[in-house]
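Have a look at the sequence and the structure first.

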Amino acid sequence: PMNQETGKTLLRLAANLGFRGGSLLAKFALMIYVTRFIGLEAVGILGLLQAANVIGTKIIGFGLYFVANRDMVGTRPERQAAIIRDQQIVYGVGYLAVLVLFFPAWSWTPEEYRHYFFYSAILLILGHQVLELGNILIAQHRQLCANIIIAITNGLWAVVLIPLGLMFKEWRTLDAVILGWLLGTLFSFLLALIFLSILPFAAAARRKPDWAWIKRALWRGMPLYIAGLAQNGSIYIDRYVVNGLAGLELAGVFVMFWQFAYAVQVLVQTGLLTSEFPKLIADYKAGDDAGFWRRFRSMSMRMALAGGGFCLVAAIAIGPVVHFINQPLAAHYIGIFDVMLLGFWIKFQADVSQYALYARHQDKALTVAFILTLMITSSVNFLFIWLWGLPGAAWALILVALFQAGLQGWLLWRTRHIRLAPDADNEIHELAAT
């Protein structure tokens, strides 16, 4: 029985990693496919839509999931169904706001891009539902189900689209790519509903909404909501600045190289940080300060060495990739990829200090760091891209990474003698996992 249980655990772990790795590979293949067969302008538009989708899903959720998911853990199915019902009432307000803002934004959008804006509005609502329902499945300890729907939305749908595009030229359009994204997200949403259909939603619908809980949850989640918006804004704002100051094609070049570098970051985080993070939390909870700092130094060293190795492999591999996609503009700016990799390598150290701050329950410090990083990211990108064009965006990434690593390292050092007990109203697990 022990060996059988161990086998099931390992199988679930392999499946979870497989879905995450599969979606990452599919997204990487999609970027190469779009760049080679559709063009850099299409990459720029797709990158802007993806960033808007990520930020938009955070905005319309109002930070409710921070509290709702925690309150759902360990409760009866009836209570879980009631919480989900109350969440959907709040999200309905967000969706209504999207529809209200859609019409003026539609009139301001250039005519040739309006249909992309229409797709974006639908993807925003569907994507938000998948994200929230995935978080609910995680709160129910159904990580495999959550990873399935999130992996499909995040890129696994491309394994169907790319072969179609390779076989039929008429499928090699940005509209076909966005349609594939939309259908993949819709499939994930329907699959999530099936996974959650075991809950007694009919009984929950007959009860009155718990307005007191909704008000309390929104208030308790507000600080983390603001922090999450700041964190995601600092990650994605640079591509919008490149588009505004340098145009869609150069934005496509930037998004393509950024996506490749980001794939390295995800691989390093998954391979090195994910397994050590729970141990770091356990060291702190056990009061083992020596063990905590020893593990922190080990994580920092491993991220520096292994992360540097991954970056070196990526720097070597980018030449053949750029040659394959056959885009002269990308080949002209290939040098910025090495600069971006250096920025991501520095950011690996910021990731370690961010995880350490979270493990020590220094959530206010993290919130301050995210907000200040957004302010620096915005101003530095505007200045550098205005002065030096696309290369300025890569150098801005390095400066921002240095600032983030330095600030979070200083905050960690400054709070090293402060011990905070876990606060039920002050969790930031979703931010730490980003």
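Predicted model: local features only at pLDDT ≥ 70, side-chain atom pairs only at ≥ 80, totals over all residues.

Residues are numbered from 1 along each chain as its sequence is written, and side-chain values use heavy atoms, with hydrogens and water left out.

**Spaces**

Let's start with two kinds of space, both found on a 1 Å grid over the protein atoms alone. In a cavity a 1.4 Å probe fits but cannot get out; a pocket is an open set of points with protein on both sides within 12 Å along at least five of seven lines; lining residues have an atom within 4 Å of a point. Grid points are joined across faces, edges and corners, and a volume is the space filled by probe spheres set on the points. Helices are DSSP runs (H or I, at least four residues), numbered from the N terminus. Residue classes go like this: Ala, Val, Leu, Ile, Met, Phe, Trp, Tyr, Cys and Pro are nonpolar, Asp, Glu, Lys and Arg are charged, and the others, Gly among them, are polar.

| Space | Volume | Lining by class |
|---|---|---|
| Second largest pocket | about 850 Å³ | 24 nonpolar, 6 polar, no charged residues |
| Largest cavity | about 40 Å³ | 5 nonpolar, 2 polar, 1 charged residue |

In the second largest pocket, Leu49, Ala52, Ala105, Phe117 and Ser120 are the lining residues nearest the centre. Helix H2 gives the largest share of that lining, 9 residues. As for the cavity, the structure holds 1 of 30 Å³ or more. Its lining includes Lys58, Tyr65 and Leu224, and H10 gives the most, with 4 residues.

**Packing inside**

Which residues have the most contacts inside the largest nonpolar core? They are Leu30, Val177 and Phe257, in a core of 131 residues. Helix H11 (residues 248-285) brings the largest share of this core, 19 residues. Such a core is a set of buried Ala, Val, Leu, Ile, Met, Phe, Trp, Tyr and Cys residues joined through side-chain atoms within 4.5 Å. Buried means under 20% relative accessible area, exposed over 50%, and partly exposed in between (1.4 Å probe, protein chains only).

Leaving aside neighbours within four places in sequence, Val177 is in contact (heavy atoms within 4.5 Å) with residues including Leu30, Trp157 and Leu161.

Leu40 sits in H2 and is buried, at a relative accessible area of 2%.

**Rings**

Rings of Phe, Tyr and Trp (its six-membered ring) pair if their centres lie within 6.5 Å; planes under 30 degrees apart are stacked, over 60 edge-to-face and the rest tilted. The count comes to 17 aromatic pairs. Trp293 and Phe296 make an edge-to-face pair, because their ring centres are 5.7 Å apart and their planes at 85°. Both lie in helix H12, 3 residues apart, about one turn of the helix, and both are buried.

**Two loop residues**

Phe62 has a positive phi near 60°. Phe62 lies in the loop between H2 and H3 and is partly exposed at 27% relative accessibility. Asn326 also has phi near 60°; the loop between H12 and H13 holds Asn326, which is exposed at 57% relative accessibility.
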